[in-house]
Amino acid sequence: MSHSVLVVDDDNKIRKLLVTILKNEGFNVSDAYDADTALSSLTSNCFDIVILDIMLPDSSGIELLQKIKQITPNSLVIMI
């Protein structure tokens, strides 16, 4: 069973690059371009890892990190 990863980054090139690399390594990957989309994904799916940009257009990564830890306290979050 592979781990599931959510990539949250507003930069389309970086997000797509991370998604491609992770999929090639066998991870199940979803992506989000902003905090609202990420929160929607987090409430409807279970992710083992969240890769989170620190600067998003609708929220700071730190604010989103706090919300993520409330929703899924066991998820590993990697800030970029």
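A residue is called buried when its relative accessible area is under 20%, exposed when it is over 50%, and partly exposed in between, with a 1.4 Å probe and protein chains only. Helices (H or I, at least four residues) and strands (E, at least two) are DSSP runs, numbered from the N terminus. The model is a predicted one, in which local features need pLDDT of at least 70 and side-chain atom pairs count only at pLDDT 80 or more, whereas totals for chains, interfaces and linings use all residues. Residues are numbered from 1 along each chain as its sequence is written, and side-chain values use heavy atoms, with hydrogens and water left out.

In α2, the buried residues are A35, A38, L39, S41 and L42. Seen down the axis of α2, these buried residues fall within an arc of 160°, so they line one face of the helix; the arc is that of the directions from the helix axis to the C-beta atoms. The other side of α2 carries the exposed residues D36, T43 and S44. The buried residues of α2 pack against β1, β2 (28-32), β3 and α3, where contact means heavy atoms within 4.5 Å.

Helix α3, which spans residues 61-71, has G61, L64 and I68 as its buried residues. Viewed down the axis of α3, they fall within an arc of 60°, so they too line one face of their helix. Q66 and Q70 are exposed on the face of α3 that is turned away from its buried side. The cover over the buried residues of α3 includes β1 (4-8), α2 (35-44), β3 (49-52) and β4 (76-79).

Two packed helices are described by the angle between their axes and the distance between the axes. For α2 and α3 the angle is about 10° and the axes are 11 Å apart; the axes are lines fitted to C-alpha atoms, for helices over the stretch in contact, and angles run from 0 to 180 degrees between N-to-C directions. That angle makes α2 roughly parallel to α3, since angles under 35 degrees count as roughly parallel, over 145 as roughly antiparallel, 65 to 115 as roughly perpendicular and the rest as oblique. On the α2 side the contact is made by A35, A38, L39, L42 and T43, and on the α3 side by L64, K67, I68 and I71.

**The nonpolar cores**

A nonpolar core is a set of buried Ala, Val, Leu, Ile, Met, Phe, Trp, Tyr and Cys residues joined through side-chain atoms within 4.5 Å. The largest such core has 14 residues, of which L6, V8, V50, L52, L64 and I68 touch the most other members. At least two residues of this core come from each of β1, α2, β3 and α3, and α2 gives the largest share, four residues. Another core, of seven residues, lies apart from it and has V5, L22, V29 and I51 among its members. Leaving aside neighbours within four places in sequence, I68 is in contact with L42, V50, L52, P73 and V77.

| Pair | Apart in sequence | C-alpha to C-alpha |
|---|---|---|
| I78 and I54 | 24 residues | 9.7 Å |
| S75 and F47 | 28 residues | 6.5 Å |
| I80 and D53 | 27 residues | 4.9 Å |

S75 is found in the loop between α3 and β4, and at 4% relative accessibility it counts as buried. F47 belongs to the loop between α2 and β3 and is buried, with a relative accessible area of 4%. With residues up to four places away in sequence left out, F47 touches S4, V5, L6, S30, S41, L42 and S75.

I78 lies in strand β4 and counts as partly exposed at 38% relative accessibility. Beyond its neighbours within four places in sequence, I78 is in contact with I49, V50, I51 and L52. I80, in the segment after β4, is partly exposed, with a relative accessible area of 42%. Residues up to four places away in sequence aside, I80 touches D9, L18, I51, L52, D53 and I54.
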